[in-house]
Amino acid sequence: MGDVSSDVRINPSILAADFANMQSELARIGSADFVHVDVMDNHFVPNLTFGPQMVERIQATSPVPLDVHLMITDADRHAPAYAEIGAASVTFHLEAAADPVALARRLRGIGARAGVAVKPATPVESLFGVLDEFDQILVMTVEPGFGGQSFMADQMPKLRRLSDEARARGSQVWLQVDGGIAESTIAQAADAGADTFVAGSAVFGADDPGAAIAALRSTAAAHHHH
């Protein structure tokens with residue numbers, strides 16, 4: 001397995017960055033594993049962020065691969081465009097896809113990692129039989145749509161059930177958490193089985209984002225069990 005810290009990934013969320021200085025903000029997170037890009041359509045969630053053109057610009061300037069999180073309706077139709085741009089990972093919402101497995105296969109066929117996300121109220125059990133159709137499952141630890149919300153600890157039992165199931169099946173799927181992740185909460189999420197962590201203000205709000213990423217990574221690695 002090599003370096004234990006390589007088993008966990010830190011994906012800073014661009015939502016917490018200074019949009020007016022996107023290129024220099026991206027340059028500050030060169031030690032991250034991915035940059036998390038939230039695409040919101042003002043329909044699936046009550047907020048509007050980036051579309052494909054902006055994501056393509058971020059892709060062109062980012063020192064690390066893109067982890068795109070689509071909080072949009074009609075994911076079956078719109079998600080493949082983000083894989084075609086060259087995003088390394090494209091995550092759509094289970095609640096917004098008519099055929100999640102077919103969509104995941106399409107994303108993989110284009111060359112992206114395929115991820116599926118679940119809102120706090122959505123159970124994960126329906127994914128148990130199809131874990132290997134996905135490269136990543138994102139358990140939201142806030143209601144999707146806005147940055148800066150508090151971590152929902154009540155999502156940990158759901159994450160743990162998913163983690164136990166993935167382990168029992170020998171699945172290689174990454175388990176991601178997004179929402180309120182900081183030094184104070186990342187240990188709980190790692191304990192419950194997460195290995196991929198989206199952090200916003202905890203990274204971009206830090207004086208030294210590189211040091212913040214390293215601290216989050218070491219805390220998560222210390223609590224993550226295979």
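Mentor: Strands E3 (residues 66-71) and E4 (residues 89-93) run parallel and are joined by four bridges; helices (H or I, at least four residues) and strands (E, at least two) are DSSP runs, numbered from the N terminus, and two strands pair if DSSP finds at least two bridges between them. Leu70 has Phe92 as its bridge partner in E4. This is a predicted model, in which local features need pLDDT of at least 70 and side-chain atom pairs count only at pLDDT 80 or more, while totals for chains, interfaces and linings use all residues. Residues are numbered from 1 along each chain as its sequence is written, and side-chain values use heavy atoms, with hydrogens and water left out.

The pair belongs to an open sheet of eight strands, ordered E1-E8-E7-E6-E5-E4-E3-E2, with parallel pairing. E1 (9-12) and E2 (35-40) are the edge strands, each with a single partner strand, so one side of each has no neighbour in the sheet. On average, neighbouring strands of this sheet are turned by 25° against each other, direction ignored.

Helix H2 (residues 52-61) lies across E2 and E3 and runs at about 165° to E3; axes are lines fitted to C-alpha atoms, for helices over the stretch in contact, and angles run from 0 to 180 degrees between N-to-C directions. Helix H8 (residues 209-223) packs on the sheet, touching E1 and E8 (196-199), and its direction makes about 140° with that of E1. Contact here means heavy atoms within 4.5 Å.

Two helices also meet each other: the axes of H3 (residues 75-85) and H4 (residues 100-110) come within 9 Å and cross at roughly 15°. The contact involves Ala75, Asp76, Ala79, Pro80, Ala83 and Glu84 of H3, with Leu103, Arg106, Leu107 and Ile110 of H4.

As for confidence, the protein chain has a mean pLDDT (the predictor's confidence in each residue, from 0 to 100) of 94, and 97% of its residues reach 70 or more.
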